[in-house]
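Subject: Structure handover

Hello,

Here is the structure I said I would pass on. My notes on it follow below.

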Amino acid sequence: MLALLTFLNAALVLLTFEAFILSRGISTAHWTEKYFESNQVKVECGGPESPSSHASCEKDFTQKPVSMSTSLALVPFDEGRVLPHEKTVREFSLAGHVFTIKQDWNSLGVAAVVWDSAVVLGEYLVMNEASVKGKNVLELGAGTGLTGLVAAALGANVTVTEREEALPNLRATVDQNCADKSWVISATKLDWTQPVDDSDFPAVDLIIGADVIYIEETFQDLLRTILSLAKSDQTHVLLSCKIRYDRDLRFLNLLRNHFKVNEIFYDKNRDIKIFSVVRFS
Ligand SMILES: C[S@@+](CC[C@H](N)C(=O)[O-])C[C@H]1O[C@@H](n2cnc3c(N)ncnc32)[C@H](O)[C@@H]1O
């Protein structure tokens with residue numbers, strides 16, 4: 001009888017322990033998502049979503065097969081489940097090329113991860129190759145430069161631009177992806193807070209900007225930069241973004257004082273819109 005009671009007691013302890021571990025496992029995963037949502041992206045980007053997360057053109061090579069040790073673990077744990085911004089390398093297949101993008105969220109934050117807007121705008125350029133090929137394209141706030149690289153692969157003459165701090169990473173990404181290509185693409189500094197020297201960027205046909213509408217404090221500087229670069233209706237501007245807050249709409253309204261602004265594309269899955277922006281003639 002005593003032996004039976006001891007056995008039942010031990011079984012009860014084991015079951016309680018396993019239930020505890022399982023509940024911890026679930027809540028830890030939940031906490032990780034919440035932490036990312038509330039503490040990391042929101043602080044700088046104002047967005048509750050992760051950087052590029054549903055990219056259909058992306059090969060997720062961080063997914064690892066479940067190892068023997070993993071399968072023996074008490075708690076099901078998927079080692080490969082890494083949030084998009086945490087991945088150090090990502091690959092995107094666009095315009096018939098595979099783009100390898102190194103990410104460095106911890107050091108450079110928003111400028112060194114690929115955002116959904118960049119992928120959607122890249123896909124849009126692929127669908128509208130004729131409007132890119134042979135054109136002088138300038139990318140604002142290029143980050144990792146994925147969209148500019150796609151434009152270059154489509155035959156555009158591209159200048160990807162960024163703030164001083166983000167420029168070395170952008171240059172490295174461009175160099176890595178263009179090493180064996182004859183694409184025309186260069187990376188240069190263009191900080192919206194500083195006046196634009198027109199002579200640095202002559203005859204721009206197309207300005208592209210992915211997820212550059214995100215911090216209200218930058219809106220006036222961004223508007224002034226776009227006005228300096230798009231002096232006439234000969235320069236077309238394409239902005240892709242997720243409308244996260246009312247302030248994002250306020251920026252579009254600021255643009256409407258000077259430009260015709262039209263939503264021309266919507267990616268429902270990723271909730272990303274593309275706006276065509278053309279100066280009043
Ligand atoms: C949300 S990230 C988007 C990056 C990239 N376009 C993408 O979609 O993957 C916003 C970008 O705007 C850039 N940015 C912010 N303020 C800027 C400024 N004053 N001048 C130039 N770029 C700026 C950031 O460095 C960052 O790369």
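Helices (H or I, at least four residues) and strands (E, at least two) are DSSP runs, numbered from the N terminus.

Two points on how to read this. This is a predicted model, in which local features need pLDDT of at least 70 and side-chain atom pairs count only at pLDDT 80 or more, while totals for chains, interfaces and linings use all residues. Residues are numbered from 1 along each chain as its sequence is written.

Back to H6. The buried residues of H6 are Asn169, Leu170, Thr173, Val174 and Asn177. Seen down the helix axis, they fall within an arc of 135° (taken from the directions from the axis to the C-beta atoms), so they line one face of H6. Their cover includes strands E3 (97–102), E5 (157–162) and E6 (184–189), together with helices H3 (105–108) and H5 (146–153).

Helix H5 is mostly covered, with eight of its eight residues buried. These are Leu146, Thr147, Gly148, Leu149, Val150, Ala151, Ala152 and Ala153. Just after H5, Gly155 has a positive phi of about 100°.

Leu146, Val150 and Ala151 are also among the residues with the most contacts inside the largest nonpolar core, which has 60 residues. Such a core is a set of buried Ala, Val, Leu, Ile, Met, Phe, Trp, Tyr and Cys residues joined through C-beta atoms within 7 Å. Leaving aside neighbours within four places in sequence, Leu146 is in contact (C-beta atoms, placed from the backbone, within 7 Å) with residues including Phe92, Phe99, Ile101 and Val114.

For the whole protein, there are eight helices and 10 strands. Of its 281 residues, 34% count as buried.

Last, confidence. The mean pLDDT (the predictor's confidence in each residue, from 0 to 100) is 82, and 74% of the residues reach 70 or more. Over residues 13–48 pLDDT stays under 50, and the model has 26 contacts beyond four places in sequence for them. Residues 61–73 are also below 50, with 10 contacts beyond near neighbours in sequence. Where pLDDT is low, the predicted coordinates should not be read in detail.

Regards

Terms used: A residue is buried if 20 or more other C-beta atoms lie within 10 Å of its own, exposed if 12 or fewer, and partly exposed in between; C-beta atoms are placed from the backbone. Two residues are in contact if their C-beta atoms, placed from the backbone, lie within 7 Å.
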